[in-house]
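Morning, everyone. Please have the sequence and the model open, and follow along as I go.

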Amino acid sequence: MFLNTEYKNLLTKKECKEIADEFKELIKTNMANVEPTSPIAKSMAHIDYVDTNGSIGYLNSKKSLKYVKKIEDRILKDYDDSVKFSNTYIRKYGRGTVLVPHVDKPGLDLTVSLTVDGITNWPLCVSNIIFEDLDLSAATSPKYRKNYKKYYTNVGDGVACYGRNVVHWREQLDCQEDEYLIQIFYHWSFV
């Protein structure tokens with residue numbers, strides 16, 4: 001079983017630009033949501049894991065859905081579980097954002113985090129220790145930070161992981177005021 005797998009060129013730069021441009025238009029027209037608390041965090045009453053600093057998100061953008069099959073064709077041969085596509089979620093992170101250690105909510109069993117625009121020097125940290133606690137708030141335990149890997153993803157690259165089985169996080173985003181990172185998350189649930 002692969003806990004975490006890094007993929008180069010899941011999407012082309014042109015495909016990423018297409019998704020990012022649509023998202024930027026959704027932001028411009030106030031269709032995307034500023035996240036005082038992210039929709040995912042709201043469903044995880046145990047922890048508000050995104051210090052959003054004005055992060056903006058959108059569920060199931062049309063352009064992101066266009067590439068579900070392409071992503072599946074690449075990753076499901078490594079993750080051969082019986083899964084069903086759940087959703088996509090795109091988020092723009094700004095300076096000062098923190099993603100505290102967490103596991104994903106029920107139903108988001110397999111996740112691909114893919115960079116579509118912005119800076120590439122803000123790593124996703126993924127624990128190499130399997131999360132087996134029943135209490136989801138245990139994900140903040142320091143034990144999961146003792147053995148982990150940092151993943152730096154360029155535009156088009158992504159990391160797949162069992163988001164319910166591995167603790168993952170991002171340290172505070174230290175960048176210029178006008179810099180950002182746009183990531184898209186593709187989610188599948190076990191069937």
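The side chain of Thr111 is in polar contact with the side chain of Asp104, at 3.1 Å. Keep in mind that this is a predicted model. Where does Thr111 sit? Its place is strand β7, residues 110-118. Is Thr111 buried or exposed? Buried: the relative accessible area is 4%, and the cut-off for buried is under 20%. Leaving out residues up to four places away in sequence, Thr111 touches Asp104, Val159, Ala160, Cys161, Phe185, Tyr186 and His187.

Now the rings. A pair of aromatic rings is described by the distance of the centres and the angle of the planes. The count here is seven aromatic pairs. Take Tyr79 and Tyr162. Their ring centres are 5.2 Å apart and their planes stand at 75°, so this pair is edge-to-face. Tyr79 is in the loop between α4 and β5, while Tyr162 is in the loop between β10 and β11, 83 residues apart. Both Tyr79 and Tyr162 are buried.

Next, Phe85 and Trp188. This aromatic pair is edge-to-face too, with 6.0 Å from centre to centre and 75° between the planes. Phe85 lies in strand β5 and Trp188 in strand β12, so the pair ties together parts 103 residues apart in sequence. Phe85 is partly exposed, at 23% relative accessible area. Trp188 is buried, at 0%.

One cluster to note: Tyr79, Tyr162 and Phe190 form it together.

Last, charges over rings. The charged end of Lys92 sits over the ring of Tyr180, 4.7 Å from the centre. The charged end of Arg170 sits over the ring of Trp122, 4.9 Å from the centre.

Note on methods:
Residues numbered from 1 in each chain as written. Predicted model: local features only at pLDDT ≥ 70, side-chain atom pairs only at ≥ 80, totals over all residues. Heavy atoms only, no water. Helix = DSSP H or I, 4+ residues; strand = E, 2+ residues; numbered from the N terminus. Buried < 20%, exposed > 50% of the residue type's maximum accessible area, 1.4 Å probe, protein only. Polar contact = N/O pair within 3.5 Å; in protein donor to acceptor, adjacent residues only side chain to side chain. Contact = heavy atoms within 4.5 Å. Phe/Tyr/Trp six-rings, centres within 6.5 Å; stacked < 30°, edge-to-face > 60°. Lys NZ or Arg CZ within 6 Å of the ring centre and 35° of its normal.
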